[in-house]
Amino acid sequence: MFYLHYSYQLSLLCIFISILMIIIARPQNTFREPESNNLEKGTALFFLLYTINSVFAFWAADTYHMWEQFKEGSLYTSFEIWGYEAIYNWLASIVNNDYFLWRACIWIPACTFYYLCAKKLNILNKNFLLALALFAGWMAYTRGMLGHTMLLFGVVLLVDDNNNKFERFVGMALLCVSYFFHKSMYVNIIFALIAFAPLGKRSIKISFIAYPFLSVLASILISKIVSGDIILSLGEGVGGVGDKTVNYASLERSASNIFGIIGKIITFSPQYLALFYLVNRVVFKKYFQGIRQEKVFTYLFRLTYVAIYIASLFYFVNTSSWIYDRFKYMGLFPLPFVLAKVWSMEPKSNKWIKCIIILQLLSLFFDWSMQTYHWYGL
């Protein structure tokens, strides 16, 4: 075995890069006067750092585990990693099991799709860089990032009325092809389809009222899946070991002590505060009404809301938190675009903006500190 101990030194290097990204985004400008941060300077450097931090994700535990698997694979003429989708095993064979070259082939395109989305939406400013650094700066802990960013760029091309027929065809193709880049992609594709439905004030109010009842239904659904009464195999078409829905649904939820509960509160608070802020601005105050690209930004808001709302239905089920975490992860991809657009339209700062920035910075530094503390002790 080639087990690699987690390196807090390498993790600190990635943390330093993340801090540089935040500095480039100038959070103090958005904090004081959001419109003053509608500047494009520093975009190229920011995305270079973002890509480096995604390819060399030494802050993620899975990076080290995958590294070990690739070292083992280098001993064999023919080797496939159990559980990986066919596209990723094929890619590993092409690069001769060179782990970081393999990562580069995945996360460079993923970051590029994210960049292209921002460029297509004309939002490559520091408000977007800040929203990205705060809420999606550490999304590269799973290879699924490529599929999710591919889907995101696909729906942007598909939904935006300013695109021609060829661009919309490419968008539809990307939406369909994204299915093969992770076993969970079918869920995000379903979210993308649901997001085409209208979402107004009445729908939002009904969703809040219905939450406790739908949460109970989510628990029943999980029980049916675990017992085998409902069979889901929508992820089998990507190769590998097939759909793992039952495996994840049947895992036991780990109990949290008081420090774990505090940690979750610190992590979740800014995410939901940002979502409620967007509901207030987009649905109730109609910030996007009449703006250029109104349709696509409204769609991205609905996609964010749908993913995070459905994820939240599974938070209280008596199983692993994997379903909640994975579904919410999907909603965090479109969130920075919507948040940045709203920030860019705010005439002056307010308590919403200040609380979101402060709480999310606190969340990031809390996570970084706890990880460094635990990894330093290994």
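Mentor: W67 is partly exposed, since its relative accessible area is 22% and buried would require a value under 20%. The model is a predicted one, and everything that follows is computed from it.

A pair of aromatic rings is described by the distance of the centres and the angle of the planes. A second pair, F196 with Y299, can be read in that way: 4.9 Å centre to centre and 45° between the planes, which makes the pair tilted. This pair also links distant parts of the chain, 103 residues apart. F196 sits in the loop between α10 (185-194) and α11 (201-227), and Y299 sits in helix α14 (residues 294-313). F196 is partly exposed, with a relative accessible area of 41%, while Y299 is buried, with a value of 1%.

Y299 leads on to V155. Leaving aside neighbours within four places in sequence, V155 is in contact with Y299, and also with L175 and A192. V155 lies in helix α8 (residues 145-159). Its relative accessibility is 0%, so V155 counts as buried. The C-alpha atom of V155 is separated by 8.8 Å from that of L300, although the two residues are 145 places apart along the chain.

Helix α5 (residues 86-94) crosses α6 at roughly 130°, and the two axes come within 9 Å. The crossing of α5 past α6 is right-handed. On the α5 side, the residues that meet α6 are Y88, L91 and A92; on the α6 side they are W102, C105 and I106. By class, this contact has six nonpolar residues, no polar ones and no charged ones.

S54 makes contacts too. Not counting residues up to four places away in sequence, S54 touches R103, W107, C111, A140 and M145. S54 is found in helix α3 and is buried, with a relative accessible area of 1%.

Helix α3 (residues 43-55) in turn packs with helix α1 (residues 8-25), at an angle of about 155° and with the axes 10 Å apart. That angle makes α1 roughly antiparallel to α3. The crossing of α1 and α3 is left-handed, whereas α5 passes α6 in a right-handed one. From α1, the contact takes in C14, I17, S18, L20, M21 and I24; from α3, the residues they meet are L45, F46, L49, Y50, I52 and N53. By class, ten of the residues in this contact are nonpolar, two are polar and none is charged.

Terms used: Residues are numbered from 1 along each chain as its sequence is written. This is a predicted model: local features need pLDDT of at least 70, side-chain atom pairs count only at pLDDT 80 or more; totals for chains, interfaces and linings use all residues. Side-chain values use heavy atoms; hydrogens and water are left out. Axes are lines fitted to C-alpha atoms, for helices over the stretch in contact, and angles run from 0 to 180 degrees between N-to-C directions. Helices (H or I, at least four residues) and strands (E, at least two) are DSSP runs, numbered from the N terminus. Angles under 35 degrees count as roughly parallel, over 145 as roughly antiparallel, 65 to 115 as roughly perpendicular and the rest as oblique. A crossing is left-handed if the near helix is turned anticlockwise from the far one by less than a right angle, and right-handed if clockwise. Contact means heavy atoms within 4.5 Å. Ala, Val, Leu, Ile, Met, Phe, Trp, Tyr, Cys and Pro count as nonpolar, Asp, Glu, Lys and Arg as charged, and the others, Gly among them, as polar. Buried means under 20% relative accessible area, exposed over 50%, partly exposed in between (1.4 Å probe, protein chains only). Rings of Phe, Tyr and Trp (its six-membered ring) pair if their centres lie within 6.5 Å; planes under 30 degrees apart count as stacked, over 60 as edge-to-face and the rest as tilted.
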